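Please read these points with the sequence and the structure side by side, taking them in order.

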Amino acid sequence: MLSLCQIKTCLPAILRSREFKLRALLGASVLALAACTNVPLEEVAVQDRAGTSVSTLQPGNAAGGSTSGAAGGGVAGVEVAGSDKAQPGALNRVVFFDFDSFEIRPEFASVLEANAKYLAADGSRRLALEGHTDERGGREYNLALGQKRAEAVRRAMSLLGVRDAQMEAVSFGEEKPSLGGFDEAAFAKNRRVELTYR
Amino acid sequence: MTRFDPKAQTRRRQLLGAAVASIPLMVWPARDALAQFRVEVSGVGLTQFPFSVVGFRGNDAASEDIAAIVRADLERSGQFRFVPAATGGLDETSRPDLAPWRDKGADSLVTGSVTRLADGRFDVRFRLWDVVRGQDLGGLSYPVTQQTLRLAAHRIADYAYEKLTGEKGVFSTRIAYVTKAGTRYTLWVADADGEGARSALSSPEPIISPNWAPGGAQLAYVSFEARKPVIYAHDVASGKRRLLANFRGSNSAPAWSPDGRQLVATLSLSGNAQIYLVGADGAEPKRLTQTSSIDTEPVFSPDGKSIYFVSDRGGSPQIYRMDAGGGNVKRLTFNGNYNISPAPSPDGRWLAFISRVNGAFRLHLLELSTGTVSAISETSADERPSFAPNSRMIIYATRDKGQDALMTTSLDGRIKSRLAGAQGDIREPAWGPFQR
């Protein structure tokens, strides 16, 4: 087990930058499993055991010649634990989007207003605006599309007076569909921004 | 050591190519020896070396069938066609009578043995024969543990591949991929045939976009374990991880520079997805694109001088190229309105990418010098191509017979193999570099 202190020492300067949120790691325990031993693959000359016309061979030739261990086993597993924060139960926290759209539909104005009020009342609360897409298309491109939705909600919240320091727009792309299935009903439920308190 | 004349091999390959070119594309039925390794090869290549491998003498004592692994490796490359054994009872010390092999049409033959050593290891030996010229093309001995028997077999396949094609084999390289089982996401490192997978990272939150550092010791990837996309670098042998990018918003799509000193990545510091240069040492990121559009999936060209990326600045996602320092942007794809996931070949000749055609996401190949584009799959949910380090094969994710799968394909799309691996959702393949 690595303690939090050990984790901190592993991390580069980025950890100390103002952008880094230590909170994110607090809930995560990082378990380093015992490293598998690397077994180098050696190559040696074949002895002419049968006395036939077989040639004697030199090690380290065109067969790859590697004696470095990296090719063998050499994978140490790491396990990450989850962390979930309690959410205010009374608030509706999901905004749905039309296909290929980043516009907030009028019916969701009240959702944003209620959450903006909640944040104004408690300056210590932090809100993540988590953008999601449906499952069609590439993962990275969908991550960028989800970011665009999250950003649209962030701008709307900003207009409602929420301070930038209290919210962060992030994206899960297509990775966390709220509904399985590969039809328009599922797709429509998955094109969304979730407002999650941290 | 016997001399080898590559010209003779090339000539023979050309002759052979002419001979089999008329065989139509067909599906090869799964055969027992292959089924054991769950490698399904379909299609027939234009130019294939007929070869044979006889069962290694003494192999019964070991847990892996060396000859079957060598055969599956060579077949999967698309450049070899297996010819069933003419005679048995051979090993690396025998000088076989090559006439029956010649009659069967095998141009080359691998023989060998597996011997249990006193310390519990196995001595795996082989010899490669040029059947046509009656020449010994050399052989080697690999004293290995039970755990590295497969690697010895892959090394033998690499040896044969290099002797017979003149190019380096990739069978002893590694791949990374991600599986999702229930709510558990696991990043795996496996042999290039998908076997021998070992878990590098296991998490309750998604893991995407693994990318091998030059040299193959580290992976960069995006993990959502902090409830947002954050880029890590991960030393595979030790499991030691460090943050590469954890900035406000999303951090994704990492790709190493050829010298391993920096990465390109997508950050949303400006609100939208933009491309940045990030130091491998955690230096302050430098913004490379300045648009209000989506710019993502950056990847260096093999010479490090330019960056391929995806942008919707023209109204739909298309692939572009810019200078490594940003600027001098040139659009590369023009067919269709959805072209993503550029993957340049290590030799700089090709760019693999995914294009949406009539609603189907298909693997395509762009020849950079001519601009010629060809579709090399007939599936509809292809994702994330990645080139083998010798530029002769591509690995990609797809759906095959209703299941998520990893496939390898030859560049002409004629030989495809479905790779083994863990059950369930399997995705995000990344082919590692040659091992030093």
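1. In this predicted model, 34% of the 198 residues of chain A count as buried. Among the contacts in chain A with a separation of 6 or more, 71% are accounted for by residues 24 or more positions apart.

2. The secondary structure of chain A is made up of five helices and six strands, and, read from the N terminus on, these elements follow the order α-α-β-β-β-α-β-α-β-α-β.

3. Helix H3 of chain A, which covers residues 109–121, has 13 residues, and the distance from its first C-alpha to its last is 18 Å, close to the 18 Å expected at 1.5 Å a residue. The buried residues in H3(A) are A:Leu112, A:Asn115, A:Ala116 and A:Leu119. Seen down the helix axis, the buried residues of H3(A) fall within an arc of 105°, so they line one face of the helix. As background, residues three or four places apart point the same way because an α-helix has 3.6 residues a turn.

4. On the other side of H3(A), A:Ser110 and A:Ala121 are exposed, whereas the buried residues of this helix pack against strand E4 (127–132), helix H4 (139–159) and strand E6 (192–197) of chain A.

5. In chain B, four strands form an open sheet with antiparallel pairing, in the order E14-E15-E16-E17. Its edge strands are E14 (251–256) and E17 (286–287) of chain B, each of which pairs on one side only. E14(B) pairs with strand E15 (residues 262–267) of chain B in the antiparallel sense over four bridges, and B:Trp256 stands opposite B:Leu263 in E15(B).

Technical notes
Residues are numbered from 1 along each chain as its sequence is written. Chains are lettered from A and ligands numbered from 1 in the order in which they are written. This is a predicted model: local features need pLDDT of at least 70, side-chain atom pairs count only at pLDDT 80 or more; totals for chains, interfaces and linings use all residues. Two strands pair if DSSP finds at least two bridges between them. Helices (H or I, at least four residues) and strands (E, at least two) are DSSP runs, numbered from the N terminus. The expected span of a helix is 1.5 Å times one less than its number of residues. A residue is buried if 20 or more other C-beta atoms lie within 10 Å of its own, exposed if 12 or fewer, and partly exposed in between; C-beta atoms are placed from the backbone. The arc is that of the directions from the helix axis to the C-beta atoms. Two residues are in contact if their C-beta atoms, placed from the backbone, lie within 7 Å.
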